[in-house]
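Dear colleague,

I am passing on the structure below, together with some notes on what turned up when I went through it. Please read the notes with the structure open beside you.

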4 protein chains.
Amino acid sequence: MTVRIAVAGASGYAGGELLRLLLAHPDVEIGALTANSSAGDLLLKHQPHLLPLADRRLQDTTAETLEGHDVVFLALPHGHSAELAEQLGDDTVVIDCGADHRLTSADDWKRWYGGEHAGSWPYGLPELPGQRDRLVGARRVAVPGCYPTVSSLALAPAVDLIEDEVVVVAVSGTSGAGKSLKPNLLGSEVMGSASAYGVGGAHRHTPEITQNLSAAAGRPIKVSFTPVLAPMSRGILATCTAQLKESANVRVAYEKAYANEPFVHLLPEGFWPTTNAVLGSNAVQMQVTVDEDLGRLVVVAAVDNLAKGTAGAAVQCMNLALGLPETAGLSTVGVAP
Amino acid sequence: MTVRIAVAGASGYAGGELLRLLLAHPDVEIGALTANSSAGDLLLKHQPHLLPLADRRLQDTTAETLEGHDVVFLALPHGHSAELAEQLGDDTVVIDCGADHRLTSADDWKRWYGGEHAGSWPYGLPELPGQRDRLVGARRVAVPGCYPTVSSLALAPAVDLIEDEVVVVAVSGTSGAGKSLKPNLLGSEVMGSASAYGVGGAHRHTPEITQNLSAAAGRPIKVSFTPVLAPMSRGILATCTAQLKESANVRVAYEKAYANEPFVHLLPEGFWPTTNAVLGSNAVQMQVTVDEDLGRLVVVAAVDNLAKGTAGAAVQCMNLALGLPETAGLSTVGVAP
Amino acid sequence: MTVRIAVAGASGYAGGELLRLLLAHPDVEIGALTANSSAGDLLLKHQPHLLPLADRRLQDTTAETLEGHDVVFLALPHGHSAELAEQLGDDTVVIDCGADHRLTSADDWKRWYGGEHAGSWPYGLPELPGQRDRLVGARRVAVPGCYPTVSSLALAPAVDLIEDEVVVVAVSGTSGAGKSLKPNLLGSEVMGSASAYGVGGAHRHTPEITQNLSAAAGRPIKVSFTPVLAPMSRGILATCTAQLKESANVRVAYEKAYANEPFVHLLPEGFWPTTNAVLGSNAVQMQVTVDEDLGRLVVVAAVDNLAKGTAGAAVQCMNLALGLPETAGLSTVGVAP
Amino acid sequence: MTVRIAVAGASGYAGGELLRLLLAHPDVEIGALTANSSAGDLLLKHQPHLLPLADRRLQDTTAETLEGHDVVFLALPHGHSAELAEQLGDDTVVIDCGADHRLTSADDWKRWYGGEHAGSWPYGLPELPGQRDRLVGARRVAVPGCYPTVSSLALAPAVDLIEDEVVVVAVSGTSGAGKSLKPNLLGSEVMGSASAYGVGGAHRHTPEITQNLSAAAGRPIKVSFTPVLAPMSRGILATCTAQLKESANVRVAYEKAYANEPFVHLLPEGFWPTTNAVLGSNAVQMQVTVDEDLGRLVVVAAVDNLAKGTAGAAVQCMNLALGLPETAGLSTVGVAP
């Protein structure tokens, strides 16, 4: 079986990572590559690391260009997916790396993104309770945000053991911001500097983490979330803490939750995750402990924001949607140092 | 008035930063520079950025070498200060950049550092309530740890407004670890990677932050502290959160606390601190907000761990001890980009 | 004597560095700060490290705003200096950090920059033979380019000893490119990557290096120049090689050339320059050797592109122009690590 | 066919990269992993990115442990390969990532490394004229040094067109120095800094580049080589220049030389190589031009020092030695950004 795929938004970081992974996928043939303002350019101009596609040119992002593929990956700014997806029809699997179909609450969508809610699609984090089944055979998938991926996986196994409020501070590389030409993303500004943004609950990933943890807990969980930009291209390291209800062997809960998960790896005691160990891989590495003086759970988890945090998850979801082996084309091997 | 100073531990990062600042101090003459295993070396070998001292050689760290100076700065591994200080006598001001005399509780010392407690000295964070007076004319000063400096200043103005538990996640550059030859501090490991350490309350700065905030609050404050290493040489960005007791105008509390402080700068609303803006400077830049959904205070503060976080504080304390202008030789101007 | 200065282009990197240095200058009072598209902004938005100027607002760059100052520093894109300077009159010292008045040959200007040549001004590299005298009392100064500064100083003492062709490969931090919003300058692109640009003699600093070395040699020197962008904000490390005419003690030539220069420092044998040792300082650190197998001179020199490479040189030239001590407000102490 | 391999030196960077590549090789089964001082450790401690091998322990590096494998990769300090290789016998293919068997001249070996020359093995750079044939079916292979790989490939196609002296300045990431615990390799020193080393022809890769280019030219070529350390973990960007004998269409020579090479990629005109585009890949990206003012060839080439520069070349040579497809397990796709 050969799956013919297209990527809309192939000039960006998520698009590039999708192509990097799909080039290594045994069952995939790469079809149309589209962009917006870069249409007409050689892909090489935007993705110089993808030599096997060096001769390809970017086309316009239109339904005509994308239709006829088995799977279409959308790596577009939010607000652009719904209309395209409708035009593509149900014979095409559409996997949306954007935010449009992640939130189940129309109110949340309105508050955080504005405009009309396009509805929610099966949520592409199969490691969360109950999600994998909804992804098998799906024709539409909403790929989670990078911060929600790592934060939700870091805390979901503990929701029954903790109080209702969690604090997440997640250090991220700059590729999460995409190729936006903003002064604060210039190399001269980024190198040697750490900075917080979206502080005080202002980041759009807050409601997504809240949604995931509340669903896992079966009760409302409140999330204090602060993202911090660090001088690295890729990677998120999330420090997640919460008050424990009572003394509990939290390690057992994590071992149980992820024993059979191919991509979530609880490290042996004494080892702590680093982002370079997951660079380019689909793995989530994590470690848990309890601050005994405070009775507080502390989980540290690392993920590659572009891989398992975006494009790797998208490929994993494609595999589930099409009935391929879930790990096809994906790896838990990072590129280090 | 010319103050003749000596630096013990002049080959390390704290020692180098002390000398960088003291070279620009209008009232200081630089005397003996000592080291341990590097004694005999040209200073240039270890501090190639200090050209005016390029001809100096490092001497052995002994009381004989250090005595006779007006001020002796100790930048030594913990456990080495007490004995040296005793030998120097009270006619010499001793400013200890190490941990030996920071903790007031002998039990805390024993638990976190081991061995016998050497007693506590006036604590060199004049911006904390009541501390400045104890530093004026002091003959012995314990310079605070870098994390406690930024965390304590970030939360002290709010202690009356918050519940008893605070969560601090602080992203730090690698110079805080000194020149230790450890594999995880190699450039190849550090660049492109974030990692947490001392997780679960295991870092020795935890009791120091707890001591400061509890003293400021007049009641026990519990501190969940996680340091995260980021790929930069200098700088700490601390994200500090705590549940508010009730709705309060926290900004007013911060404005009031730091209105007359020359080095602590509450940014105008809408601006957030970055570590490169304080690089090389003695400033602490901070911003406060409230996560209204949670009723939670969030403070983000930036400091240069080597400057205001260590050597700058040491110079500030020297100024107070000797009756010099507190800001002499210090600046709020960072080196950016 | 208090010198009242203005900076045109105060929102950029060169402008920010000028202000950083001028804030520490004992004889300077900072007047108007102007910008182009950022006029009206708080300076803090663009220069968050300059806290003493945090309340200042940027004004429009016009002759009206700039006139009436003793010294006006221009940190503008090329092509904007001549007209402004004419309007300012000779009672104002104008120090141009841009390229407009560096090249003496109108043909060179036309070829490399295009348009009409605005004429040449005294060239602000006093360490080159014969230049200091022209700067004393000057009313107009052309500050050298960053690459020409380090390359010319690295090779000028050897011009009589070498053949007519030199090869310079200079590794630079990204701040040399300014705050231009170009995709290749984004942090995500820059970090972890080295890249050459302007290869094959295409960089505009080539004719300026050629001009300097040919003038020093009294004969045409040909320059193969390749700049390489490296993942750091500041600093240039230039590797400069040339065939020696005959065996010569090159070290003596360098010692002689720079014995009395306050900012050019030939390192002791066995030490090699690094860019972080000159960060923020006005020093040039260099080392020379001979590849005996080839009879080839190799000079490695480090400079901070924003400091001695631009703004530090500008301040040094102001000092010479006004008859202040040449080193006033400048330092050979770097900020490391 | 399944090839059973062992890696000696599995705790280092070259060893880790070998394992990363071999885990993705379709025909390989990973056998013994050995180390020196780290024997007994979990591999995870040293290679946290290799999750599929997380349970493996490092064994002692002895012939007993290594024998019985089809292929043994040696990633050891120089001087350790010859004796081990002798003990292993000819039924084992031995691929040496170290320097011991690269140089053909015993005099060169003695001068640059000291001690007795262990003899030379087929040289693992199949893209050089005449080398591929010697690698097919070989039982012993000497993997080239990282700098010689990129420098030789950048200049070999031009040897008939240029004068006898070439100048190479190569900017390298720090992983090329291995995990050596040296102060100048600490992250705090490396970040934000560029530095040259082995200046003046003192680097041991100089004779290897000389050997390769002289062999390709059929006459002695003199090499001026300067390596520069830059703040990145991986990657080499080499700027290689040489005087052209006469005006020549150099591009044609490069197109011809590499038209059928799977891993050497001459970029389209107008594109220049960057090291992040080859990160983790076995590709060499290059561009050529002529500085017309000087009649000088300039070639810029990028390689991942650990991949095509070491471990990727080793796998490529294993493929050739065993008669597998040369590209098996290797890719020209980099990990960017």
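Between chain D and chain B about 1400 Å² is buried, and carbon and sulfur atoms give 60% of that area; buried area here is the accessible area, taken with a 1.4 Å probe, that two parts lose on being put together, summed over both. The size of an interface is often given in this way, as the accessible area lost when the parts come together. On the chain D side, Leu181(D), Leu186(D) and Met191(D) supply 42% of the area buried against chain B, more than any other three residues. In terms of contact, meaning heavy atoms within 4.5 Å, 18 residues of chain D meet 18 residues of chain B.

Before going further, please keep in mind that this is a predicted model, in which local features need pLDDT of at least 70 and side-chain atom pairs count only at pLDDT 80 or more, while totals for chains, interfaces and linings use all residues. Residues are numbered from 1 along each chain as its sequence is written, chains are lettered from A and ligands numbered from 1 in the order in which they are written, and side-chain values use heavy atoms, with hydrogens and water left out.

The interface of chain D and chain B has zero salt bridges, a salt bridge being a side-chain nitrogen of Lys or Arg within 4 Å of a carboxyl oxygen of Asp or Glu. The same interface does have ten residue pairs in polar contact, both residues at pLDDT 80 or more; a polar contact is a pair of N or O atoms within 3.5 Å, where within protein one must be able to donate a hydrogen and the other to accept it, and residues adjacent in sequence count only if both atoms are side-chain atoms. Helix α8 (residues 187–190) of chain D gives the most to the side that touches chain B, with four residues; helices (H or I, at least four residues) and strands (E, at least two) are DSSP runs, numbered from the N terminus.

Turning to chain A and chain B, 43 residues of chain A are in contact with 43 residues of chain B, and the two chains bury about 3300 Å² between them, 60% of it on carbon and sulfur atoms. In chain A, Ala194(A), Val199(A) and Leu294(A) lose the most area to chain B, together 14% of what that side buries. Four salt bridges are counted between these chains, among them the one from Arg111(A) to Asp293(B), whose closest N and O atoms are 2.9 Å apart. There are also 13 residue pairs in polar contact between chain A and chain B, again with both residues at pLDDT 80 or more. Of the elements of chain A, β9(A) gives the most to the side that touches chain B, with five residues.

Over all chains the structure holds 64 salt bridges. In chain C, Arg234(C) pairs with Glu17(C), with the closest N and O atoms 2.6 Å apart, and this links distant parts of the chain, since Arg234(C) is in the loop between β9 (222–229) and β10 (236–244) and Glu17(C) is in helix α1 (residues 13–23), 217 residues apart. Both partners are buried, Arg234(C) at a relative accessible area of 2% and Glu17(C) at 0%, where buried means under 20%, exposed over 50% and partly exposed in between (1.4 Å probe, protein chains only).

In chain D, Asp90(D) forms a salt bridge with Arg140(D), the closest N and O atoms being 3.8 Å apart. Here Asp90(D) is exposed at 55% relative accessibility, whereas Arg140(D) is buried at 12%. A further salt bridge joins Asp304(D) to Arg234(D), with the closest N and O atoms 2.8 Å apart; Asp304(D) is buried at 0%, and Arg234(D) is buried at 2%.

Finally, the cysteines: the structure holds zero disulfides over all chains, a disulfide being a pair of cysteine sulfur atoms within 2.5 Å. For Cys317(A), the nearest cysteine sulfur is that of Cys97(A), 9.1 Å away, and Cys317(A) is itself buried, with a relative accessible area of 0%.

With best wishes
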